[in-house]
2 protein chains.
Amino acid sequence: MHVLVTGAGGMIGRKLAERLAASGVIGSRRIARLTLADLAAPGAPAAAFDVASVAVDISSPRAATELVAGAPDVIFHLAAIVSGEAEADFDKGYRVNLDGTRLLFEAIRARGNAPRVVFASSIAVFGGPYPEQIDDDFPLAPLTSYGTQKAMGELLLADFGRKGFFDGIGIRLPTICVRPGAPNKAASGFFSNILREPLVGQEAILPVPDDVRHWFASPRAAVGFLLHAATLDTGLLGQRRSLNMPGVSATIGEEIEALRAVAGDEAVRLIRRQPDETIMRIVEGWPRNFAPQRALALGFSADRSFHDIVLAHVEDELGGRVGG
Amino acid sequence: MHVLVTGAGGMIGRKLAERLAASGVIGSRRIARLTLADLAAPGAPAAAFDVASVAVDISSPRAATELVAGAPDVIFHLAAIVSGEAEADFDKGYRVNLDGTRLLFEAIRARGNAPRVVFASSIAVFGGPYPEQIDDDFPLAPLTSYGTQKAMGELLLADFGRKGFFDGIGIRLPTICVRPGAPNKAASGFFSNILREPLVGQEAILPVPDDVRHWFASPRAAVGFLLHAATLDTGLLGQRRSLNMPGVSATIGEEIEALRAVAGDEAVRLIRRQPDETIMRIVEGWPRNFAPQRALALGFSADRSFHDIVLAHVEDELGGRVGG
């Protein structure tokens with residue numbers, strides 16, 4: 001089987017590629033060839049099968065045609081610019097996140113082999129006011145350009161799927177936590193920073209109060225969602241092709257207690273409270289909790305607790321070791 | 001004030017143009033100039049102000065720029081190919097209904113005068129299974145390419161509006177009944193045919209049972225929605241910029257009784273029952289009833305009954321006369 005991953009240089013893309021390279025299968029099917037595409041050629045993990053790394057601008061008209069020329073059987077479409085960048089650069093957001101997606105879908109249609117397409121969407125397709133728990137029928141009402149572009153991608157996915165051009169499934173990822181790597185400037189960065197930095201003996205800034213609640217999944221769980229989506233019987237989805245993924249609803253206070261349980265009081269002392277009204281206002285617009293009944297019934301599974309999210313980070317990124 | 005109407009050659013566009021020409025105002029503001037655009041130059045009604053008729057393909061990149069060059073203050077964006085055609089010609093549907101809308105919105109953004117934009121959307125943005133009454137928070141889940149394109153237009157409208165590029169409002173029109181003119185091949189055509197034809201002494205075919213229920217507004221009510229949307233205080237809308245319009249939920253049986261009340265048993269006898277399984281299956285996927293609380297609270301008003309819908313047709317299209 002031939003597998004294509006767009007956005008393979010991103011955090012989730014890299015982890016997905018590593019997992020595919022290590023296992024050599026998706027479900028029960030053996031991978032014969034893996035194509036990893038991103039704006040800069042992604043690193044290619046060692047694998048027992050052919051791995052190609054391709055530098056490509058997904059928003060250029062010919063790129064998608066070249067990517068699907070080899071008729072991949074499974075396509076993970078992860079390529080996107082992130083929320084902050086899409087908000088700052090309106091044109092680039094639409095060019096990459098909307099046009100890039102549509103060009104890929106059109107190229108798949110033209111290629112004609114009707115592959116499985118797994119589209120990474122986001123809880124940013126929703127906007128407040130929210131109920132206590134967001135259910136599977138909550139309306140699409142994004143409050144950012146990124147969320148708008150993801151919602152439009154979901155609509156295209158459903159329509160192209162309905163027409164039989166491919167077999168699509170969209171998964172709305174929770175906020176990924178703990179994000180590995182350096183702190184970034186995303187408004188949501190602190191959710192990861194206050195764990196990742198203290199776990200290696202570094203200070204981190206907390207700009208919001210302890211009772212702020214949000215919806216999380218570990219990078220490991222996110223890769224699990226993508227793989228499950230690639231093998232799921234899509235006949236069970238009906239016409240509604242995009243699903244809220246399961247996750248963990250946790251407060252900052254619960255994050256901190258999970259950190260304390262794993263790394264002790266000295267790690268917790270490295271969190272410096274520095275309230276930021278701007279970040280507070282942004283975060284107030286975000287979902288806090290979901291009841292993802294459809295995804296659970298379809299066999300998607302998330303981290304069991306925030307404690308598990310911290311442990312996944314320690315195992316996957318720190319070789320099991322905590323402390324400075 | 002300068003007003004632009006796209007799709008001005010269509011049934012609703014013509015009626016809107018006539019109403020604007022006759023009244024000379026939108027709300028309390030006088031119209032100085034009216035531009036009517038469609039693929040073929042629309043007829044220009046006589047008016048006490050300047051009326052321009054323009055032939056333009058909304059999906060060509062330069063068209064929109066030319067249309068907004070005069071900085072219209074109010075833009076009614078009605079141009080679209082209909083559901084049946086968008087379903088039959090996938091590429092044309094996306095080109096006209098999605099690209100045409102996006103090009104217009106981009107041209108308005110580039111022009112920079114932030115006009116009021118009234119976008120004609122449709123209840124086709126929804127898909128079943130439906131509750132007894134569809135409320136204002138029912139999710140976007142279209143089951144046709146046309147509905148997908150309208151839903152994507154709504155998302156663009158909200159995002160461009162949020163960014164301040166224009167002041168947008170989307171109105172989801174019920175099925176328009178009684179459509180004037182010749183019977184067309186739309187699956188929904190019979191809803192109008194079984195009234196319009198008998199009202200002038202002609203036979204009409206009814207392909208579905210009498211208990212089929214659907215959601216209707218007269219052309220007169222639809223024009224009223226557009227005009228109200230053009231003057232509404234959009235500050236009241238919040239972030240959710242597209243609204244389910246009010247209408248009349250009626251069964252075929254109720255349609256027939258309204259016809260009987262207006263035109264007698266002899267008109268009803270002209271309806272020939274000829275069940276069609278294909279049309280029945282299509283119609284089963286359509287909404288039957290709405291609870292359009294937001295629109296009602298914002299002052300949108302519909303026909304009061306199906307009887308009024310028939311009377312509006314007799315007054316507006318038949319000069320008050322019924323019979324062959």
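What is the strand order of the open sheet of 3 strands in chain A? The order is β9-β11-β13, with mixed pairing; strands are DSSP runs of E of at least two residues and helices are runs of H or I of at least four, numbered from the N terminus, and two strands pair if DSSP finds at least two bridges between them. The model is predicted: local features need pLDDT of at least 70, side-chain atom pairs count only at pLDDT 80 or more, and totals for chains, interfaces and linings use all residues. Residues are numbered from 1 along each chain as its sequence is written, while chains are lettered from A and ligands numbered from 1 in the order in which they are written.

In this sheet, β9 (175-176) and β13 (248-251) of chain A are the edge strands; each has a single partner strand, so one side of each lacks a neighbour in the sheet. The pairing of β9(A) with β11 (residues 213-217) of chain A is parallel and extends over 2 bridges. Within it, A:T175 lies opposite A:F216 of β11(A).

Chain B is superposed on chain A by a rotation of 180° with 0.0 Å of shift along its axis (RMSD 0.0 Å), using least squares on the C-alpha atoms of residues with pLDDT of at least 70 in both copies. The two copies are therefore related as by a two-fold rotation axis. Among the residues of chain B, B:P139 comes closest to this axis, with its C-alpha at 2.0 Å.

At the interface, 17 residues of chain B are in contact with 18 residues of chain A, contact meaning that the C-beta atoms, placed from the backbone, lie within 7 Å. Helix α5 (residues 145-162) of chain B gives the most to the chain B side, with 6 residues. Because 100% of the interface residues of chain B are also interface residues in chain A, the copies meet through the same surface.

How values were computed
Two residues are in contact if their C-beta atoms, placed from the backbone, lie within 7 Å.
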